[in-house]
Amino acid sequence: MQSEPAIRVTTTRTQLAASPILVVMAKPPVPGRVKTRLIGALTAEQAAEVHAAMLKCVLDRLASLWPCKRRTGLILAMNGAADWPIDDHWDRLDQGTGDLGQRIGYVWQVLGGEPAAFFGTDSPDIPADLIGSVASALNETDAALGPVLDGGYWTVAARKLCQPMLTGIDWGTDRVYHQSLAAAEHAGLKVARLEPWHDVDSPADLTTLRHRIANSQEPPLAELRRTLDQICKDIWP
């Protein structure tokens, strides 16, 4: 997909009183219900192990890299999250039901509609400067979207809950980013279009991720590399 040029924020706006709440939206690592496009190259159990490893990497990296200034600033939104071992940096919250937009909206309402940034688990190696750009963007714009190359996004963030940005979106298609951007702009929001990154859906995406993190010295990414090598040892040379 040809993504629209990313814009860099250069204007001045009233600073947020605190860093946006960071929410990771995740599914429990249940075989047959996660990373299903990997099944075939991997077993359902191995695909779930990949999902779990990526989720752990995302949580570890964001806890370290997010400019959080309050204890309640990190949320894992996952139904059944009480059964998932996480460190004390993260609070747990159920997602509710419905499509992704409805679940994000529900979580956002529970959090009081405050400034928030939502991440998933499919882009575990987002560069640190891109992660930092999310909070910076919300100091100068109303919302921020970070596209992935298949048409979705690696983050959606805004200074307050904007339900229209989450409604009527063809989730799971290559139209998600552009529809969300158009909806936000139609609602009158000034939107920062962040730099694009990659996500992991297919076996080819997983192999590409392995190459991207092959020489990383960042501990969570090095751990992810070792875990993926163990899981995929029968299909990778």
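Which residue is the bridge partner of F118 in β6? In the predicted model described here, local features need pLDDT of at least 70 and side-chain atom pairs count only at pLDDT 80 or more, whereas totals for chains, interfaces and linings use all residues. Residues are numbered from 1 along each chain as its sequence is written, and side-chain values use heavy atoms, with hydrogens and water left out.

The bridge partner of F118 in β6 is V156. Helices (H or I, at least four residues) and strands (E, at least two) are DSSP runs, numbered from the N terminus, and two strands pair if DSSP finds at least two bridges between them. Strand β4 (residues 116–119) pairs with strand β6 (residues 153–158) in the antiparallel sense, over four bridges. Strand β4 also runs parallel to β1 (residues 21–25), to which four bridges join it. In this pairing V24 stands opposite F119. The side chains of β4 point in two directions: A116 and F118 one way, A117 and F119 the other way. All of these β4 residues are buried (under 20% relative accessible area; exposed is over 50% and partly exposed in between, with a 1.4 Å probe and protein chains only).

Four aromatic pairs are present in the structure. Rings of Phe, Tyr and Trp (its six-membered ring) pair if their centres lie within 6.5 Å; planes under 30 degrees apart count as stacked, over 60 as edge-to-face and the rest as tilted. One of the pairs is formed by W108 and F118, with a tilted geometry of 5.0 Å centre to centre and 55° between the planes. This pair links distant parts of the chain, since W108 lies in helix α2 (residues 100–110) and F118 in strand β4, 10 residues apart. W108 and F118 are both buried. F119 and W154 form another tilted pair, at 5.9 Å centre to centre and 40° between the planes. Here the linked parts are strand β4, which holds F119, and strand β6, which holds W154, 35 residues apart. Both F119 and W154 are buried, and together with W66 they form one aromatic cluster.

The packing of the interior was examined through nonpolar cores, each a set of buried Ala, Val, Leu, Ile, Met, Phe, Trp, Tyr and Cys residues joined through side-chain atoms within 4.5 Å. The largest core has 31 residues, and those with the most contacts inside it are V24, W66, L76, W90, F119 and W154. Two or more residues are given to this core by each of β1, α1 (44–65), β2 (74–77), β4, α3 (128–138) and β6. Helix α3 supplies the largest share, six residues. Another core, of 28 residues, lies apart from this one and includes W108, A116, M165 and V191.

A search of the whole structure finds 11 salt bridges, a salt bridge being a side-chain nitrogen of Lys or Arg within 4 Å of a carboxyl oxygen of Asp or Glu. In one of them, R212 and D125 bring their closest N and O atoms to 2.6 Å apart. R212 belongs to helix α5 (residues 203–212) and D125 to the loop between β4 and α3, so that the pair links distant parts of the chain, 87 residues apart. R212 counts as partly exposed because its relative accessibility is 27%, whereas D125 counts as buried because its value is 6%.

A salt bridge also joins the side chains of R175 and D170 (3.1 Å, N to O). Both partners are partly exposed, R175 with a relative accessible area of 40% and D170 with 30%. In a further salt bridge, the closest N and O atoms of D229 and R210 are 3.1 Å apart. Because D229 lies in helix α6 (residues 219–231) and R210 in helix α5, this pair ties together parts that are 19 residues apart in sequence. D229 counts as partly exposed, at 28% relative accessibility.

Salt bridges that share partners join K35, R37, D122 and D201 into one network. K35 counts as buried because its relative accessible area is 10%. Phi of K35 is near 45°, a positive value in a residue other than glycine.
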